[in-house]
Number of protein chains: 2
Amino acid sequence: MSRLVPKLLGFSLLCALALPAARADTPTANKTPTPKELLEKSKPEEWRKPDPRNLLQMQLPQGKVLIELAPDFTPLHAENIRTLVKEHYFDKLAIVRVQDNFVTQWADPEDDDKGDKNKLRPLGKAKKTLPPEYTRAIDTKLPWTALPDGDVYAPEVGFSEGFPVARDKATGQEWLTHCYGMVGVARDVGPETGSGSSLYAVIGQAPRGLDRNLAIAGRVLQGMEFLSALPRGTGPLGFYDKPEQRVTIESVRLASELPENERAKVEVLRTDSPTFAAMIEAKRNRRDDFYRNPAGKIDLCSINIPAREAKATH
Amino acid sequence: MSRLVPKLLGFSLLCALALPAARADTPTANKTPTPKELLEKSKPEEWRKPDPRNLLQMQLPQGKVLIELAPDFTPLHAENIRTLVKEHYFDKLAIVRVQDNFVTQWADPEDDDKGDKNKLRPLGKAKKTLPPEYTRAIDTKLPWTALPDGDVYAPEVGFSEGFPVARDKATGQEWLTHCYGMVGVARDVGPETGSGSSLYAVIGQAPRGLDRNLAIAGRVLQGMEFLSALPRGTGPLGFYDKPEQRVTIESVRLASELPENERAKVEVLRTDSPTFAAMIEAKRNRRDDFYRNPAGKIDLCSINIPAREAKATH
């Protein structure tokens with residue numbers, strides 16, 4: 001066996017989504033199942049198709065990025081972003097900032113010190129600022145999958161409706177957390193939040209210090225690699241200091257505004273499903289030929305929520 | 001003030017290393033100092049120059065990556081890697097794998113299923129495998145800066161000699177942790193570890209489940225953006241499935257093997273210095289015009305250990 005294959009096996013647990021068939025994935029006796037093995041055994045009803053009104057399709061030159069909005073947590077921001085997208089606000093705007101181990105941010109390039117305020121794209125029917133939606137009252141009606149291992153930042157963490165969430169029963173509040181792939185709303189100095197005309201995606205170690213300080217609009221379901229692998233900006237805070245460095249956004253569309261055949265076919269594993277629970281446990285206590293010391297723990301932002309191409313059959 | 005500047009300010013705390021002067025960094029009354037402000041006030045003696053015998057200079061087409069070895073924690077691996085580097089083992093080998101939100105890995109491209117075993121580069125005087133150095137007995141003589149906010153994975157975490165470390169007093173063991181920028185040793189199925197001929201750098205959310213399962217050889221001090229912004233591999237586990245996708249390593253040199261004028265001029269903030277302690281506290285409890293809800297907490301892998309160009313004057 002090549003020296004590299006076991007190395008693959010060693011890393012396979014942490015690999016996002018299903019792995020291609022590979023010798024490394026051949027089950028061995030009593031070993032913890034891999035994500036691929038668990039997903040292959042999942043039932044169709046354990047997957048959900050995002051509501052097309054919450055599904056953004058952002059086309060970059062590198063590829064398509066799918067973002068699911070989180071109206072249960074940030075409804076005013078979801079609605080304002082829908083308004084902007086329906087107006088095609090983001091078309092031909094740009095990724096203006098990529099700061100290593102932090103965020104990729106897109107906005108109107110004129111919205112910058114060197115920009116021309118007279119050329120700022122109008123927000124149309126969208127609001128310029130919104131009330132803060134940094135936290136919300138805990139909704140006990142939403143499905144909740146708690147993690148057992150605690151969290152440095154919050155009294156309780158888990159998953160709800162496919163998003164990583166922190167809770168504080170003392171205050172009765174819950175909030176989306178800044179994990180890898182979460183999409184937040186850039187803003188001015190508060191108390192108002194931004195409009196959603198400038199958004200950022202987390203591309204590094206979860207900056208949990210931003211939790212409860214910015215509104216999180218949703219999560220990238222597919223295409224993170226088109227946001228995370230961009231050249232880092234060399235200007236202050238990772239902004240591209242030369243216009244030619246920016247990545248032009250070809251278009252952003254709401255799936256509900258597209259004809260059926262142009263809507264992204266994607267489904268997301270339900271975070272209250274048995275398969276998701278099994279994936280969490282497999283990651284907490286991995287035992288196989290490679291892992292000798294299972295962590296016995298897992299932190300919120302280390303858990304990937306699988307998304308895959310939806311089969312036409314269901 | 002442009003709408004973007006406050007957005008910069010909002011992100012400035014999390015920006016790695018010193019920020020360029022910018023309006024966003026102008027101190028305001030009673031606000032928590034930014035990393036830039038704290039670093040500007042640091043004393044020369046709070047910085048250390050890495051031992052040239054522990055400093056790897058990896059030249060990629062994109063730029064130079066500086067890696068500091070951690071012989072206090074993984075001495076056998078440090079020595080074997082030094083041996084490989086002195087033999088110029090890595091020259092013209094390649095980055096063979098970039099898996100999004102996980103690792104960038106470099107190795108001999110022939111060390112692969114499709115590779116030609118007869119073309120494998122010999123390891124020369126270096127050992128093919130080493131005893132595990134996954135944990136070590138807690139060394140109370142090493143400087144230790146404990147973090148106060150706990151950790152999901154280990155009883156205690158903090159910094160020692162410029163590296164993030166976890167400790168378990170019950171077992172008397174301590175180990176380096178898989179934080180962003182840490183460099184680990186890829187290996188076969190154990191119990192032996194790898195030789196150091198294939199290394200990986202963490203480029204995403206800290207995969208702490210790898211702790212105590214792989215040997216960590218060191219940390220990237222500078223040039224992470226040259227490893228983290230590479231195109232993700234489209235093969236299984238992020239391996240580049242086409243040879244032309246690989247990034248050729250021009251050379252890897254040990255600073256101690258280079259003439260003085262070719263040695264990288266770099267210094268690292270001491271993790272037992274007052275300025276580093278102030279940076280941790282500023283990140284735990286940030287208050288300024290932007291932050292309304294300071295986390296009051298910080299997790300191990302969210303703390304950047306500053307490195308900068310060393311002044312010739314000391």
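In chain A, strand 2 (residues 55-60) and strand 15 are paired in the antiparallel sense through four bridges; strands are DSSP runs of E of at least two residues and helices runs of H or I of at least four, numbered from the N terminus, and two strands pair if DSSP finds at least two bridges between them. The model is predicted, with local features requiring pLDDT of at least 70 and side-chain atom pairs counted only at pLDDT 80 or more, while totals for chains, interfaces and linings use all residues. Residues are numbered from 1 along each chain as its sequence is written, chains are lettered from A and ligands numbered from 1 in the order in which they are written, and side-chain values use heavy atoms, leaving out hydrogens and water.

Within this pair, Met58(A) has Val252(A) of strand 15 as its bridge partner. Strand 15 (residues 251-254) of chain A is covered on both faces, with Ser251(A) and Arg253(A) buried on one side and Val252(A) and Leu254(A) buried on the other. Buried denotes under 20% relative accessible area, exposed over 50% and partly exposed in between (1.4 Å probe, protein chains only).

Strand 2 and strand 15 are also among the elements that cover the buried residues of helix 3 of chain A, as are strand 3 (63-69) and strand 13 (216-222). These buried residues include His77(A), Ile81(A), Leu84(A) and Val85(A). Helix 3 (residues 75-86) has 12 residues and should span 16 Å at 1.5 Å a residue, which agrees with the 16 Å between its end C-alpha atoms; the expected span is 1.5 Å times one less than the number of residues. Just after helix 3, His88(A) adopts a positive phi of about 60 degrees.

Chain A is assigned domain 1 (27-49 + 267-308) and domain 2 (50-266), with bounds from an automatic or database domain assignment. The C-alpha centres of the two domains of chain A are 26 Å apart. Contact (heavy atoms within 4.5 Å) involves 19 residues of domain 1 and 27 residues of domain 2. The area buried between these domains is about 1,700 Å², 61% of it from carbon and sulfur atoms; buried area is the accessible area (1.4 Å probe) that two parts lose on being put together, summed over both. Two salt bridges are found across this interface, a salt bridge being a side-chain nitrogen of Lys or Arg within 4 Å of a carboxyl oxygen of Asp or Glu. Glu68(A) forms a salt bridge with Arg48(A), with the closest N and O atoms 2.8 Å apart.
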